Amino acid sequence: MSASPDAPDSTDVVVVGGGIMGTSTAYFLSVETDRRVTLVEKDSVAAGSSGDSSAIIRHHYGGNRDLDPHVYAKMAWWSHQFYRSFTEETGEEITHEDAPLVRFGTEGTGLGDAVDRGYEVLKELDVPASRYDGAELQRRYPMYAHVGEYDFAVSDDRAGYSDGTDVANGFARAARANGATVVTGVGVTGIREADGSVIGVDTDAGEIDCEDVVVAAGPWTERLAADVGVDLPLRTTRENVFILESESFREQYGDETPMVSLPGDKWYTRPAVGEKFLVATSAHTEDADPDAYEQEPDEPELLELVDWIDENMPVLDDADIVGKYSGIYTNTPDLGFVLDQIGPDGCFVACGFSGHGFKHAPAVGRIMSDLVTAGTTAFVDVDFFGADRFDSGDDGSRESATTADS
Ligand SMILES: Cc1cc2nc3c(=O)[nH]c(=O)nc-3n(C[C@H](O)[C@H](O)[C@H](O)COP(=O)(O)OP(=O)(O)OC[C@H]3O[C@@H](n4cnc5c(N)ncnc54)[C@H](O)[C@@H]3O)c2cc1C
């Protein structure tokens, strides 16, 4: 974006964080309300997880114990329609490519059941989806070496992918065009309150008086929540992304390559622009400090990728690795989101988007705008996203976590 204005002394709503969630929230607040909105970003727009996102937009949710697949599938579908009409809605251009997303299943297993459950949900919601089995699997997905070992596949036919940096900047520009102030290079250091209500924020460039604050600070959210006395059970983990280039792969399979995550496997794949192909992890295993983590995969992680290719997609054996980077997931115990009011009146939080936030960002922005202005939303049952669901100390179920991410 162009040069950032100085932070104002006062505004109605401060949105903390210029990732996909903060920019979407600022956008919806700016178009749906007449509140003065100021987005404050400590670095640049999309400097956090959003800039590293694989930005896969699928609607298939098999669900684990706590992630109701209906709620997430519906939000993802609504958000995807918004992404598809982003230019008409916001006046801004974004990248968007169609690509089906495929999940394989084995009958009688927990993961297989989750894949089928997700299929049923798509059917109920009238989201285009197909189920294949038998010889059809080999015919459709020959690039995956172990395809013959699965009983069936569910294709989320109208899935797609985009670009986190692109979309966050699009939302930020559109918010600004609708009257919001977008300040970059300024960090929020604390939330000020009096008599149980928010009265402003402290920043490293001075104070901003405000009535409401929405904390959408990605992996840094826990620190600001602690500032208002709320302990959010967030865990930040590091994930790796590799961009491969293979002329022969594209020649053989062209643009028909689906996006895939293999059951129980931490890797997923996505086509990328040109001859390129993206392979990335969604493992939730390596704890990471968002201010001090390895920003690139190291040698052993590279070798792990090579082993994965040999074992699962030998057709990529000749590929060159033309890009690699690491990014951060912010995970709640059940891998579901927190969209809630916390601490003093006027303090809201949108966090815990793990590896599946991008696809929901338009819905999240709309929900947060409703929460700030009306205290509730007709869009979803917002209790579902309450921070108090972790109060019991239950650390949630991860049995089907692989069906929740990316
Ligand atoms: C490698 C990777 C792959 C992914 N792939 C997918 C995918 O395929 N599909 C999908 O749906 N999701 C995916 N995700 C998840 C998705 O990208 C995230 O859920 C989403 O980007 C989170 O956005 P956010 O705005 O909450 O956080 P962020 O993008 O991290 O934004 C938070 C912002 O807040 C700013 N900030 C922090 N503290 C302060 C402060 N005190 N003051 C001011 N500013 C502050 C930061 O600088 C940052 O810009 C992926 C994530 C990663 C890392």
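Hi everyone, let's start with a distance: the centres of domain 1 and domain 3, taken over C-alpha atoms, lie 30 Å apart. At their contact, where two residues count as touching if their C-beta atoms, placed from the backbone, lie within 7 Å, domain 1 puts in 7 residues and domain 3 puts in 10 residues. On the domain 1 side, those residues split into 3 nonpolar, 3 polar and 1 charged. For these classes, Ala, Val, Leu, Ile, Met, Phe, Trp, Tyr, Cys and Pro are nonpolar, Asp, Glu, Lys and Arg are charged, and the others, Gly among them, are polar.

Before I go on, please keep in mind that this is a predicted model, where local features need pLDDT of at least 70 and side-chain atom pairs count only at pLDDT 80 or more, while totals for chains, interfaces and linings use all residues. Residues are numbered from 1 along each chain as its sequence is written.

So, the layout. The protein is divided into domain 1 (13-52 + 164-234 + 334-403), domain 2 (100-158) and domain 3 (237-327), with bounds that come from an automatic or database domain assignment.

Now the ligand. Where does it lie relative to domain 1 and domain 3? Both domains give residues to the shell around the ligand, so it lies between them. That shell holds 42 residues, and the closest are Gly17, Gly19, Gly48, Gly218 and Gly357; a residue is counted here if its C-beta atom, placed from the backbone, lies within 6 Å of the molecule. By class, the shell has 19 nonpolar, 17 polar and 6 charged residues. Helix H1 (20-32), strand S2 (37-41), helix H2 (49-52), strand S14 (235-245) and strand S18 (320-331) each supply at least two of the shell residues.

Gly327 is buried, with 25 other C-beta atoms within 10 Å. The cut-offs, again with C-beta atoms placed from the backbone, are 20 or more such neighbours within 10 Å for buried, 12 or fewer for exposed, and partly exposed in between. Leaving aside neighbours within four places in sequence, Gly327 is in contact with Ser49, Asp52, Glu239 and Val241.

On to the interior. In soluble globular proteins, nonpolar side chains tend to be buried together. The largest nonpolar core here has 110 residues, of which Val16, Leu39, Ala175, Val213 and Val214 touch the most other members. Helix H11 (residues 361-374) gives the largest share of this core, 7 residues. A nonpolar core means a set of buried Ala, Val, Leu, Ile, Met, Phe, Trp, Tyr and Cys residues joined through C-beta atoms within 7 Å. Not counting residues up to four places away in sequence, Leu39 touches Val15, Gly18, Gly22, Thr23, Ala26, Ala172, Ala175, Ala180, Val182 and Val183.

Two of those contacts of Leu39, Ala172 and Ala175, are among the buried residues of helix H7. H7 (residues 164-177) has 14 residues and reaches 20 Å from its first C-alpha to its last, close to the 20 Å expected at 1.5 Å a residue, where the expected span is 1.5 Å times one less than the number of residues. H7 is mostly covered, with 11 of its 14 residues buried. They pack against H1, S2, H2, helix H4 (86-90) and strand S9 (181-184). After H7 comes Gly179, with a positive phi near 105 degrees.

Speaking of phi, most residues other than glycine have a negative phi. Asp195 is exposed, with 7 other C-beta atoms within 10 Å. His284 also has a positive phi, about 60 degrees, and lies in the loop between strand S17 (276-281) and helix H10 (299-312). Is His284 buried or exposed? With 21 C-beta neighbours inside 10 Å, His284 counts as buried.

My last stop is His59, in the loop between S3 and H3. His59 is buried, with 27 other C-beta atoms within 10 Å. Its contacts beyond four places in sequence include Ala73, Ala76, Trp77 and His80, which are also listed among the buried residues of H3. Thanks, everyone!

Definitions and conventions
Helix = DSSP H or I, 4+ residues; strand = E, 2+ residues; numbered from the N terminus.
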